[in-house]
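Work through the exercises below with the model open beside you. Try each task before reading its solution.

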Amino acid sequence: MQQHLDPVLPELQEIWQQTLSWQPTARQQANYQHLYDEILKGNQQLNLTRITEPQEFWEKHLWDSLRGIQPWLSQPEGTVLRVIDVGTGGGFPGMPVAIACPQWQLTLLDSTRKKIAFLEAVIATLELSNVNTQVDRAEQAGQSQQHRQQYDLALIRAVATASVCAEYTLPLLKLGGTAVLYRGQWLAEEAEALELAVERLGGQIDRVDPFTTPFSHSIRHCVHLKKVKPTPAIYPRAIGVPTQKPL
Ligand code: SAM
């Protein structure tokens, strides 16, 4: 019988170091391989990702997830941040971040129960003790005592337009906390529309961080929103309203 070999992720330590001034330990590398294996298995039942080739998975899921938190990666060990990944899907960017930053407390939020059930099984297999999950809509989580104004960082990738992402994430942040919106192209008009929305939500655009991915050379942007005032109680609005009537 022919032996089946699982695809192996590249290590690329030099590229991690050059681009993010960080490298995974052997244990973290093994966990990334486990995560990759589990996603490939999970993909047979759930539509988790179309990105399955090893180098593409490394670039578009692992590297991209960590590129968004680069400014916080080099914080001294022992810095405990509470972080939420809104609309985590197959666990991005939250799972790679949880593996890279074992001292942080991660919450992975998604409205799809099946995806969260999948992630719970992966978290147990990888024995990650710093991650918890929540099946909920961002609109509800943002109005709940358990999540509102509880996080230092809120990450959001491929979930909605920028102003909707702002309405989903800013209510979840503590004062002084940051939302990182993972975006592709970024145009001046988008920034203008976002600025108005962010102001109403008690935030400001702190920084737009452009970068090029190491292999496919795609241009991407991380938009950082800082919470400078409490978010008015009416936000986030009821389920579906942020997308139907964006701010
Ligand atoms: N963030 C992941 C990534 O970048 O690979 C997944 C992106 S996937 C295209 C969008 C995910 O957001 C889906 O899993 C969906 O269930 C979730 N989602 C969309 N709107 C949501 C909401 N209002 N509250 C919670 N989750 C939401």
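**Exercise 1.** Which residue in β2 does Val83 stand opposite?

Solution. Val83 stands opposite Leu106 in β2. A word on the source: this is a predicted model, where local features need pLDDT of at least 70, side-chain atom pairs count only at pLDDT 80 or more, and totals for chains, interfaces and linings use all residues. Residues are numbered from 1 along each chain as its sequence is written, and side-chain values use heavy atoms, without hydrogens and water.

**Exercise 2.** Trace the strands that pair with β2, and the helices between them.

Solution. 
- Step 1. Find strand β1 (residues 82-86), which runs parallel to β2 and is joined to β2 by 5 bridges. Strands are DSSP runs of E with at least two residues, and helices are runs of H or I with at least four, numbered from the N terminus. Two strands pair if DSSP finds at least two bridges between them.
- Step 2. Right-handed means that, with the strands pointing away from the viewer, the path from the first strand over the helix to the second runs clockwise.
- Step 3. Move on to strand β3 (residues 131-135), which pairs with β2 in the parallel sense over 5 bridges. Here Leu108 stands opposite Thr133.
- Step 4. Follow the chain from β2 through helix α6 (residues 113-126) to β3; this crossover is right-handed.

**Exercise 3.** How many residues of strand β2 and of helix α8 are buried?

Solution. 
- Step 1. Take β2 (residues 105-110): 5 of its 6 residues are buried. Buried means under 20% relative accessible area, exposed over 50%, and partly exposed in between (1.4 Å probe, protein chains only).
- Step 2. Take α8 (residues 162-169): 8 of its 8 residues are buried. Among them are Cys165, Glu167 and Tyr168.

**Exercise 4.** Describe the surroundings of the ligand.

Solution. 
- Step 1. Of the 16 residues around the ligand, Gly87, Phe92, Asp110, Ala138 and Arg157 come nearest. A residue is near if one of its heavy atoms lies within 4 Å.
- Step 2. List polar contacts, meaning pairs of N or O atoms within 3.5 Å. A polar side-chain atom of Lys115 lies 3.1 Å from a ligand oxygen atom. The side chain of Glu139 has an N or O atom 3.0 Å from a ligand nitrogen atom. For Tyr168, a polar side-chain atom lies 3.3 Å from a nitrogen atom of the ligand.

Conventions: A polar contact is a pair of N or O atoms within 3.5 Å; within protein, one must be able to donate a hydrogen and the other to accept it, and residues adjacent in sequence count only if both atoms are side-chain atoms.
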